[in-house]
Amino acid sequence: MRTLVVIGGGPRTAGLLERIAAQSPTLSFAVHVVDPFPPGAGRVWRHEQSPLLRMNSMAEDVTVFTDESFDGEGPVRPGPSLADWAGVDPVSFPSRQVQSRYLAWFFDHATKSLPPNISVTVHPAKAMEVSGRRVRLDDGRWLTADVLVLALGHLDADPEPEHRELAEHAAEHGLVHVPPLYSADADLSAVTGDVVLRGFGLAFVDLMVLLTEGRGGRYERSSGRLTYVPSGAEPTLHVGSRRGVPYHSKTGYRLRGPRPALPRFFVAEELEGQELDFRRDVWPLMAKEIAWGHYHELFTGHPALVRMPFPEFAASFAALPWYSAEMRELELSAVPDPADRIDFERLDRPLTGVTFATAEEFQEHLRAYVEADVARRSDPRHSADLGAFLALLSVYGQLAGLMPFDGWWHGYFSYLASGPPPDRLEELLALSRAGIVRFLGADMWVEAVEGAFLAGSATTPEVVRATGLVEARLPVHALSRTADPVLRSLRATGDISEDAAGLVRVDPLGRLVDERGRVDPVRFAVGPYVTGKAYAAFARPRTNAPAFRQNDALAREVLRVLAD
């Protein structure tokens, strides 16, 4: 019997199996799924993690099923969103344990949807080596594949030179250095006293939770204000980053006007085959698309806030380049309140040119900034931000298939669209008022000195002396530094190669490309570590998710190769 071996059993693999089932194949073959973590959830979404950790998406915004927006070749097979399946408040932010159960159920659903001529065997083991079409497991067994798919998910990497040097300094001086890790995997037991956290995104939020509530602290609300009651076991967290501010809060409202038809101005298909520079050729179109989502909702949902009929504005907007003086004049004449205009550069670096004489002045400033962000993202009057968010999703999904992600763009997207729930930022404010969290500022720097780590920023003259440094971000994977034994084995034999960003090279169908540029006919790879990547294995409903289209195309190609 023919054999499909999939290394990795997380949500990407469950999605692939669901798309295979949707094709209703008549071919008989066996599927072997290899993963030491529970199938469906995998490592990142496994149930065995702190119940305090939560998703940064609302329950109604999470689905693993195709819907009417899907334009792949395979049939649409609708199913419940996380909110429908779990029976939770659609606008709540569920725990990761709830999402883990949803993904485990989806894997079971996908395998049961397969016809009887396809069997599935799950091997709770780690794949250690790939040699040709043979896969060695950590229990000594070998599996032989007619088709092999690497669905490895988010991967660890060997330390970067700076992190290796910082770890050596910490060991030599009795300090603590925590390298970039997935929060659920980090050993934080030695993190005490004054600690510097480098990074202000979602990894920071998780670490903040684990080092405060996870240490026995609790929150109390009185007269609408949240207060933190410490346990006494918390460290003092000094946090900074390049921007110096946290990711923007998730929005808590729905559109007031009709949903914009996207894409409109950034259509990846129209750019294919061209030699493109991201900043010169691509970003201006993306910016115009995101601004279109913003203004579409502002004009159609809040006509009292503008002073021009929408058809007139839309016609002028369509005719102008985003970065033109005429576009700025159009915004000024049509949108009277500066708070209702979109300014990507101001959003990107809100602390540029802003300095404070004392650290305490900056603490007050940033608390006011965070309070204003939470208020804006909770007020339907600003639902234009949701219009921009929907356009952000559109351009993000299209760019994945057009060109490698620009490093700035992925961080900017996450900063605007992948922030924490608003109550997490309320908790950040409570921790700041309690003195548990201290804000360092923008353009943060760290220096290793005798017996300590020093940290400061361009925002204030304060220099912090700490006994610990925590890298509050996820590891950046590159094939040359991969910690994954399967990729290491394939790299050693020249069977895979990497692009300039360290991503594993695959062709448009997901087939591996070796060091000599040859395409492997039977070995595939999919996920965030490959070129042409589509990050999220689950998606917001009705967004024609790139990952679902990718799974569908991969399923068809796998079936074709197995049949041959």
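## Helices on the sheet

Helix H15 (residues 546-563) lies across S1, S2, S7, S18 and strand S19 (519-525), at about 135° to S19. Helices (H or I, at least four residues) and strands (E, at least two) are DSSP runs numbered from the N terminus. Axes are lines fitted to C-alpha atoms, for helices over the stretch in contact, and angles run from 0 to 180 degrees between N-to-C directions.

This is a predicted model, in which local features need pLDDT of at least 70 and side-chain atom pairs count only at pLDDT 80 or more, while totals for chains, interfaces and linings use all residues. Residues are numbered from 1 along each chain as its sequence is written, and side-chain values use heavy atoms, with hydrogens and water left out.

## The six-stranded sheet

The open sheet consists of six strands in the order S3-S2-S1-S7-S19-S18, with mixed pairing; two strands pair if DSSP finds at least two bridges between them. Strand S3 (118-123) and strand S18 (511-513) are at the edges with a single partner strand each, so one side of each has no neighbour in the sheet. On average, neighbouring strands are turned by 30° against each other, direction ignored.

Strand S2 (residues 29-34) runs parallel to S3, joined by six bridges; Val-34 has His-123 as its bridge partner in S3. Helix H1 (residues 11-22) packs on the sheet and touches strand S1 (2-7), S2, S3 and strand S7 (147-150), its direction making about 165° with that of S2.

## Glu-297

Glu-297 belongs to helix H6 (residues 278-301).

Leaving aside neighbours within four places in sequence, Glu-297 is in contact (heavy atoms within 4.5 Å) with Leu-255, Arg-256, Gly-257, His-302, Ser-383, Ala-384 and Gly-387.
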